[in-house]
Amino acid sequence: MVKMMLVAALLLLAAASCSARPQNDVEVVEYESDNIGIGGYKFSYKLSDGTTRTEEAVINNAGTENESLSVRGSVSWVAPDGQTYTINFVADENGFQPEGAHLPK
């Protein structure tokens, strides 16, 4: 169940990070990744259109029946109206928990 919620959360974030600008005009300005496939991962990137994303995951209770993945991150993008939107999120055993000034509470 947690895995399905994480996949849904990641798909939501991917859709939210898209802008209305032509994709062929966007370049990667910065990119960092630390993912050796054991114990979690982290990455970040910045695009020339103002989109940024950071994400870090850790495995909690590794090797036990209570093992879970905890993901924290943020995504920002510039909307067609010029407004920058940011979503900070946690996705863990409690589900996907986004926060942003533009999101209802």
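Let's start with Trp77, which counts as buried because its relative accessibility is 11% (buried means under 20% relative accessible area, exposed over 50%, and partly exposed in between, with a 1.4 Å probe and protein chains only). Before going on, keep in mind that this is a predicted model, where local features need pLDDT of at least 70, side-chain atom pairs count only at pLDDT 80 or more, and totals for chains, interfaces and linings use all residues. Residues are numbered from 1 along each chain as its sequence is written, and side-chain values use heavy atoms, leaving out hydrogens and water.

Now for the rings. Searching the whole structure turns up 4 aromatic pairs. Rings of Phe, Tyr and Trp (its six-membered ring) pair if their centres lie within 6.5 Å; planes under 30 degrees apart count as stacked, over 60 as edge-to-face and the rest as tilted. Trp77 and Tyr85 make a stacked pair, 5.9 Å centre to centre with 25 degrees between the planes. Tyr85 is partly exposed, at a relative accessible area of 23%. Elsewhere, ring pairs join Tyr41, Phe43 and Tyr45 into a cluster. Within it, Phe43 and Tyr45 have planes at 10 degrees and centres 6.4 Å apart, so they are stacked.

Leaving aside neighbours within four places in sequence, Gln83 is in contact (heavy atoms within 4.5 Å) with Trp77 and Val78. Gln83 is partly exposed, with 43% relative accessible area.

Finally, look at Asp49. With 8% relative accessibility, Asp49 counts as buried. Its side chain and that of Thr51 make a polar contact at 2.9 Å (a pair of N or O atoms within 3.5 Å; within protein, one must be able to donate a hydrogen and the other to accept it, and residues adjacent in sequence count only if both atoms are side-chain atoms).
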